[in-house]
Amino acid sequence: MAERAQYEELARQFSAFGAVKREMGRALPPDCPSGSAAVLTLLGRHGDMRMSRLAELLSVDMSVTSRHVAHVAERGWIERSPDPADKRSRILRLTPSGRSTLDELSRRSAYLLAQRLSDWSDDEVGQLIQLMTRLRASFDDCTRTPANT
């Protein structure tokens, strides 16, 4: 197990990582804020889903999810249709325009990362992906409570 000082430094690095996220956000089109991009990304990755599932994946409350969904629906990037299993619920799905927007978001993000990581080797980028994937898996169960310190 790592030393406490290493975890403290890791926490500082996470805090500083906000600058990276902000720069990636600035690469988004003006009509697609980060919440909307997250909705498109999750629908692209997981396919059609109910709003409740989307809120779960976003780790935000339903009112926030509703605002994001309304924004992307107004732009024609998703459609909301009745859930055949429960007429009170809606199924969200990407439209062709939404898929095109998602492709543009992906292209912009990849371009920015390629620019910023141009001096990294393929192995280093691969290691970063592997470690970030493992880190995310360690946090997947958001219902766990942190141990007392």
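**Exercise 1.** Find which residues T65 touches, not counting residues up to four places away in sequence, and decide whether T65 is buried or exposed.

*Solution.* Keep in mind that you're looking at a predicted model. Start by placing T65: it sits in helix α5, residues 62-74. Next, list its partners: M51, L54, A55, L58 and V60. Finally, check the relative accessible area of T65, which is 0%. Buried means under 20%, so T65 is buried.

**Exercise 2.** Work out how α4 and α5 are oriented to each other.

*Solution.* First, take the axes: those of α4 and α5 come within 9 Å and cross at roughly 105 degrees. Angles of 65 to 115 degrees count as roughly perpendicular, so that's the label for α4 and α5. Then look at who meets whom: M51, S52, L54, A55 and L58 in α4 face M62, T65, S66, H68 and V69 in α5. Sort the residues of this contact and you get six nonpolar, four polar and no charged.

**Exercise 3.** Which residues have the most contacts inside the largest nonpolar core?

*Solution.* This core has 20 residues, and L40, L43, L54, I78 and L92 have the most contacts inside it. Now trace the suppliers: α3 (34-46), α4 (51-58), α5, β3 (86-94) and α6 (96-116) each give at least two residues. The largest share, five residues, comes from α3. Zoom in on L43 to finish: leaving out residues up to four places away in sequence, L43 touches M49, I78, L92 and L94.

Definitions and conventions
Residues numbered from 1 in each chain as written. Predicted model: local features only at pLDDT ≥ 70, side-chain atom pairs only at ≥ 80, totals over all residues. Heavy atoms only, no water. Helix = DSSP H or I, 4+ residues; strand = E, 2+ residues; numbered from the N terminus. Buried < 20%, exposed > 50% of the residue type's maximum accessible area, 1.4 Å probe, protein only. Contact = heavy atoms within 4.5 Å. Core = buried A, V, L, I, M, F, W, Y, C linked by side-chain atoms within 4.5 Å. Axes fitted to C-alpha atoms, helices over the stretch in contact; angles between N-to-C directions. Parallel < 35°, antiparallel > 145°, perpendicular 65-115°, else oblique. Nonpolar A, V, L, I, M, F, W, Y, C, P; charged D, E, K, R; others polar.
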